[in-house]
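Please examine the structure shown below, together with its sequence. The paragraphs that follow treat the pairing of strands and then the contacts between charged side chains.

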Amino acid sequence: MRNYENLVIVKPTFTAEEIQASVKAIEEVITSNGGEIQATSSMGMRKLAYPVDKHARGYYTVLFYKAEGTIINELERNLKISEDVIKFLTVKYVKNKEIAQFDKLVAAANKKATIAATPAP
C-alpha cells in the first residue's frame, strides 16, 4: 500500500453538518475500496488564490490515507462528479524522505484531533 494525501476544498455555503457529510462520503470511497484512513485534518474556511466557480472562499480538509494505486482513479472520479467539491489535489508519497514526512504530518494531524476532542477543564 502506498501513502497518499488529498486536499479537498468544499463549497463555502455549506453548513458544518453538510461539510462533515461530504468528508465522510470521501472517506467512505477510500475505505470501501480497501484503503485505510490515517488522519483527517480540517483547515477551516480559507480564501482561495483565485475565484473558482464564482467562490472566493472554500472549506479546506486534508485526508491522509494508505491505499493501492487503483483506488485513486475511483476517488478522483467521485470528486470530479461531486458538486460539493470545488477543487481537490492528490499527492503520492514514494521516497523514504517523503514517507517520513508523511508520518510526521499524520502524527501532527492526529495530535491536533486529540487536542480538539479533549474537553477544556
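How many bridges join strand 2 to strand 3? This is a predicted model, in which local features need pLDDT of at least 70 and side-chain atom pairs count only at pLDDT 80 or more, while totals for chains, interfaces and linings use all residues. Residues are numbered from 1 along each chain as its sequence is written, and side-chain values use heavy atoms, with hydrogens and water left out.

Strand 2 (residues 36-52) and strand 3 (residues 55-67) run antiparallel and are joined by eleven bridges. Two strands pair if DSSP finds at least two bridges between them; helices (H or I, at least four residues) and strands (E, at least two) are DSSP runs, numbered from the N terminus. Val52 lies opposite His55 of strand 3. The hairpin that these strands form has two residues between them, and Asp53 takes a positive phi near 50 degrees there.

The model has two salt bridges, each defined as a side-chain nitrogen of Lys or Arg within 4 Å of a carboxyl oxygen of Asp or Glu. In one, Lys24 meets Glu27 at 3.6 Å, N to O. These residues are three apart in helix 1 (residues 16-32), so about one helical turn separates them. Glu27 is buried, with a relative accessible area of 13%; buried means under 20%, exposed over 50%, and partly exposed in between (1.4 Å probe, protein chains only).

In the other, Glu74 pairs with Arg77, their closest N and O atoms being 2.9 Å apart. Because Glu74 and Arg77 are three residues apart in helix 2 (residues 70-81), they too are separated by about one helical turn. Glu74 is partly exposed at 29% relative accessible area, and Arg77 is partly exposed at 41%.
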